[in-house]
Every structure is written in structure tokens, then in C-alpha cells.
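Hello,

Here is the structure I promised to pass on to you. Have a look at it first, and my notes follow below.

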Amino acid sequence: MFVSILIPVYNAASHLASCWATLEAQTMTDFEAVFVNDGSTDATEALLQEKVSQEPRFRLVSQTNQGVSAARNAALAVAQGDYIAFMDVDDTLAPDFLEQLVTAARKYDCDVVFSGFQRELQGQWYAEVPQLPLHTRLDTAQIRQEVWPAYLRSNRLNSVCNKLFARALVQSIRFPVGQALGEDGVFGRQVVSEAQSLVVLDYCGYYYREVVGSATRNLLKHDYFQAALQDYATPTGWESLPNYTALQSEKFLRQVMMCLGLYTKKANGLSWWAQWRILRKLAHHSAVQQALLEVPESFLAGQSRFYQTILTLLKKKQVTFLFLALRYSHYKNKTK
């Protein structure tokens, strides 16, 4: 068995058929798909049991609801492939996705392969490729020099779904159970800390679909700012890197700006007064103000004029102007 592709599933009956179809269309056929039913309450379990009885490459693990990290860990514990890939059940793959990544792993003789992905936003697909050296075998020194700072600077590398990992490398690494957000990033940082070799492909065969009301955008379920604070304060083991503090501050401020956008969207269900109070909390938080002092001028200069204005208003704690600027931006861009 060459590849195990691991798929956590929770109340996903409506997505299973398209997931199965995209797997069965893979040009590389030497794989197993390990589905972990994480305590679904809909027809997911019955549908998976029926499909597994028909498709020998599909396996099913069932457990009580414990979250996506525990589901992925359960799949890792039973995976038999030489390489590990991950997929979310509501996403799809290009037919040559597994073949492209496995071919690269063989060609470059490396234990980690990164690729790009396609993201759907408001009905349009956009390709995103990691801003790292492409089609070059990176050794441990180059991983430290190129990949570690990229993880620290932003969340763009966090997803595990557009990557391939040697099972020998990840057999002792697990996702943090109980962490509501950013669990992919924690796992990824551990992996690249241990990796001896890595290659990045200019290839985008993973199709990530933003589902309305999905967990990553559910403000009633997750406190995104608290998650960003936790990520900002958690040691990474990479503190010896030059400019570590500046890189961490860049990432934190990118997360803060994402929070500002999410908390002021009309569709989030929050009243204008509640939105204003959240902005006031963010603007006056000591970690935000500290990060604004620690980021280099190059970060600020590299932002759009709008984001430069937002960062200036944050630094000056001008909450009302901050609120009006964000609301106007949503109106101008017709975001819901």
C-alpha cells in the first residue's frame, strides 16, 4: 500500500458521494482511504458501511464525537501506507493529485511534499502556491532557513490537505486534541521540525471549498481572537531563529486583521454594538499593541493602503473610526 489518505467525517452524508467519486477517479490506484466517522448523528455511518463493503480500498473507523484532531489521530493509528495524505470530506481532488505528489516524493527522494491548492470564494476558484523555492529538494538547513519562517509569518502553510508525508516521519506526531483552531499548524510545525528533506510543487490539485456556516467561520462556536492569542503565546521551539519575534508578530497581526473582518461582517449575526465592543477589546489588548511595536516597517509598507489605515487606527486605539472603516469596506466590496 503506497498512500493512506485520511478523512475525518462528521454529519457529512450529503458530501460522501462526491468524496468517493474524486477518490475513485485518481490515476494512482495504489492507495487506501481511511474514513473516521466522528460520532455522526445523520446517515453517515450507514452510508460509509455500505460503501466500504463495496470498495476494498476504503476503510472505516468509528468513534464517539471527539473532534477533527482526534479523528485524524485515529486514522494515523491504523494507516498502512508508506505515505500519508489528508482530505476533508467536502473538498475534491484533481484526478492526478496523488500521482503528482507521489511522483515528486520519489523523484526528489524526500519525506515531505508541499503543493498548492485551489480555493473557492464566492463562486470563483483561485490558485495559491506556497511562496517557497519550487521544485528544489530542501535539506534540514534549508528547511530551517525557508520553511520555518514561512510558518511563523502567516497561516498560509497550515493546511495538511495539500501535502504528502512519509509515514515513518509522522508515526509519532499527532494533532493536538482539544485545540479548536490551528491544529493543522501545530502538526505541520512538528513535522517540518523533524523533516530531513522537503520539496514544494508549483501544482494546485487540491480543491478547497468554503462551506457556508463551516466551523472555521462560525463565530458563535469559536473565539478566533482567543485562538490567535494562544497561537501567539505558545512556544514553537524555533525561538532561536533570527527575527523570531518580528515573524510571530507579523502572523499575529494577520490573524487580528482577519478577526476584524469577520467580526464586522453583516452575516455574522452580531449587533453593531457588539461588533464595536469586540473591536474595542482588540484595539486595547496589550498583545495587539505589543505586536504593532514589534513588526518591522517592511511589513507595514507591504500592506495595502486600506490595511495600513486599519493598522494605524488600531495603534491609535481609534475604535469608532476603525469600526466605520471596516463597515464601509464590507459595503464597498459587497461582502455579506
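K251 and D231 come together through their side chains in a salt bridge, 3.2 Å from N to O. K251 belongs to helix 9 (residues 244-263) and D231 to helix 8, so this pair ties together parts that lie 20 residues apart in sequence. K251 counts as buried, at 3% relative accessibility, and D231 is buried too, with a relative accessible area of 17%. Please keep in mind that this is a predicted model.

D231 also forms a salt bridge with R189, where the closest N and O atoms are 3.7 Å apart. That pair links distant parts of the chain, with R189 in helix 7 and D231 in helix 8 (residues 224-233), 42 residues apart. R189 is buried, as is D231.

The structure holds 11 salt bridges. Another of them joins the side chains of E32 and R59, at 3.0 Å from N to O. Here E32 sits in strand 2 and R59 in strand 3, 27 residues apart. E32 counts as buried at 2% relative accessibility, whereas R59, at 26%, counts as partly exposed. There is also a network of salt bridges that links R72, D88 and D184.

R72 brings us to helix 3, as it is one of the buried residues there. Eight of the 11 residues of helix 3 (residues 68-78) are buried, so the helix is largely enclosed by the rest of the structure. What do these buried residues pack against? Their partners include strand 1 (3-9), strand 2 (31-38), strand 3 (58-63) and helix 7 (183-194).

Notes: Residues are numbered from 1 along each chain as its sequence is written. This is a predicted model: local features need pLDDT of at least 70, side-chain atom pairs count only at pLDDT 80 or more; totals for chains, interfaces and linings use all residues. Side-chain values use heavy atoms; hydrogens and water are left out. Buried means under 20% relative accessible area, exposed over 50%, partly exposed in between (1.4 Å probe, protein chains only). Helices (H or I, at least four residues) and strands (E, at least two) are DSSP runs, numbered from the N terminus. Contact means heavy atoms within 4.5 Å. A salt bridge is a side-chain nitrogen of Lys or Arg within 4 Å of a carboxyl oxygen of Asp or Glu.
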